[in-house]
Each structure stands twice: as structure tokens, then as C-alpha cells.
Amino acid sequence: MQRTYELMFILRPDMTDEDVDKVVATVDHQITSAGGTVKSVDKMGKRRLAYLVRNFADGLYILVTIEGPGSAISEVERRLRVTEPVIKFITVRVDEEQKRLTKVKAIRDSRRRGQGTHAQAAAAEAAQTAEPAAEAPAQA
Amino acid sequence: MADENVQQPQAPAATEGGGSPRPQGGRPPRSGPGGGPGGPRGDRKYFRRKKVCKFCTEKIDAIDYKDYRLLGQFVAESGRIVPRRLSGVCTPHQRRLSRAIKQARNIALLPFASASRP
């Protein structure tokens, strides 16, 4: 069962860029070896935490979009829990929400298209009325 | 809490606009019973604006836990979720909103109860 998840995790703020890349690469590897695929990795940068986590006031946010079975998620989460630089993480399933959003968007688009045909009809009408007016001077 | 602070600046403007014609009986009759001219109840009626759901009016479909700026509008300073009766958010949206706020709290984008840090 392939599902889409968003995995967001926070790394401790005192890490160098190379260390961050290394952690991201290992997480990446863990996901693929657990049977999932990484769709995108987004380093959201350093942000102030809303509350202290392990005595850190800041954190490096990283967002990974994963496609894969739930078993892959539980495996990745288990490994994240023992990864020392990761101070917090959350996994959110997004495919149901995306499905709902595309549905809503489709309904809204179809409504808009309905209005669009009205507008086109009005434009066509206006063009027809304008044409005789343009012809009239030519005849005269 | 935050919601009350937002509404207060708008309320005096509303009373200024409707205040002067009231003694001449210029108000519609539906507000007549109870609130006499210049009466305290007549004033209070003006405070109650029709609240509309922000997500319905602005057509915001996705209530995402990552969008902490949006979620922050519905969190009081103490960190509590603003109730529907104050914010005017409709039930389906409030349900999704509260879920998103709780997810955001989990990943330290939003505070839990009363912030320990200023």
C-alpha cells in the first residue's frame, strides 16, 4: 500500500552544513532500504522553537516527502528516535488530504469554467454587435 | 484573548458611525425594543458583528500544520486554541484547524499552553 507522508524533523542548531547533509543522506538511505521512496527534501533552515526541546531554543527544520508503506514509516521513525542529532520529528499522512484538495479544486474549476463560457458568450455577442458598426462606415 | 484585542479597535468606529442618528430615531425598528436611544443595550448591539469563517470567505482549502503564520491567528497569546464562538470559524474548518495546530505544537512551531519564554 503506497501512501504519501510528510516527515518533518528538527536537528540540533549547532550542526555544520556537511553534518546536516550527512544526516539527511542517512535518513534518505533508511527510507529507501525500508521500501519507500523519497519524493523531495526541503531544508527549511534554522528557526526558533516555540518551546525548549532538549534545552535547545533553535532548530534546523527539514521536511522530507515520502511515498511508501506504513511499515517503512515505523522503521524510519524507530531509527530517528535513536539518531542523536534529531531532537524532534513528526510524520503526517498527506495523501487523503491531497485527494480531497484536488476534488475541491476540480469542483471549483468546473464552476469557474461555467462562468467562463458565459463570459465568452457575452464577448462573442459584443463582437457581433460591434461588427455591423464597423461595416457601416465602410458602406457609406 | 487575542480575538478580543483585534475586535476592539473596530468597535468604537462602529459606534461613532451609528451613534449620532440614533437619538432622532433613525435606527431600524428591530433594535427598538430593549435598547432605548443611547441606552447601554443599544450600544452593545453594535459590538456584535456577524462573524464569518475566514477559511470559507478567503477560500483557504488546505489548513497545513507547516503554515504557522496562518495557525498563529487562531491561537491566543497563552497558546490556547481560540474557540469557534470567538473566532467565527465554521465547524468543519475548526476541526481541521485544531488538528493542524496540535500537529504544529508537536513539532515546536507553535507553543503549548502559556509560553515559558517571553
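Trainee: From the N terminus on, how do the elements of chain B run?

Mentor: They go α-α-α-α-α-α-α. Bear in mind that this is a predicted model.

Trainee: What makes the secondary structure of chain B come to 0 strands?

Mentor: A strand needs a DSSP run of E covering at least two residues, and a helix an H or I run of at least four. Chain B comes to 7 helices and 0 strands.

Trainee: Which residues count as buried, and what share of chain B is that?

Mentor: The cut-off is 20 or more other C-beta atoms within 10 Å. Of the 118 residues in chain B, 18% count as buried.

Trainee: Over to chain A. Why are S2 and S4 called edge strands?

Mentor: The open sheet of 4 strands has the order S2-S3-S1-S4, with antiparallel pairing. Strand S2 (37–53) and strand S4 (86–93) of chain A each pair on one side only, so they are the edge strands. From one strand to the next, the twist averages 20 degrees.

Trainee: How do you know that S1 and S3 of chain A pair?

Mentor: Pairing takes at least two bridges, and 9 bridges join strand S1 (residues 3–11) to strand S3 (residues 56–68), so they pair. The two run antiparallel. One of the bridges links Arg3(A) with its partner Gly68(A) in S3(A).

Trainee: What makes a residue of chain B count as in contact with chain A, and how many do?

Mentor: The C-beta atoms must lie within 7 Å. 12 residues of chain B are in contact with 12 residues of chain A. On the chain B side, they divide into 8 nonpolar, 3 polar and 1 charged.

Definitions and conventions: Residues are numbered from 1 along each chain as its sequence is written. Chains are lettered from A and ligands numbered from 1 in the order in which they are written. This is a predicted model: local features need pLDDT of at least 70, side-chain atom pairs count only at pLDDT 80 or more; totals for chains, interfaces and linings use all residues. Two residues are in contact if their C-beta atoms, placed from the backbone, lie within 7 Å. Ala, Val, Leu, Ile, Met, Phe, Trp, Tyr, Cys and Pro count as nonpolar, Asp, Glu, Lys and Arg as charged, and the others, Gly among them, as polar. Axes are lines fitted to C-alpha atoms, for helices over the stretch in contact, and angles run from 0 to 180 degrees between N-to-C directions. A residue is buried if 20 or more other C-beta atoms lie within 10 Å of its own, exposed if 12 or fewer, and partly exposed in between; C-beta atoms are placed from the backbone.
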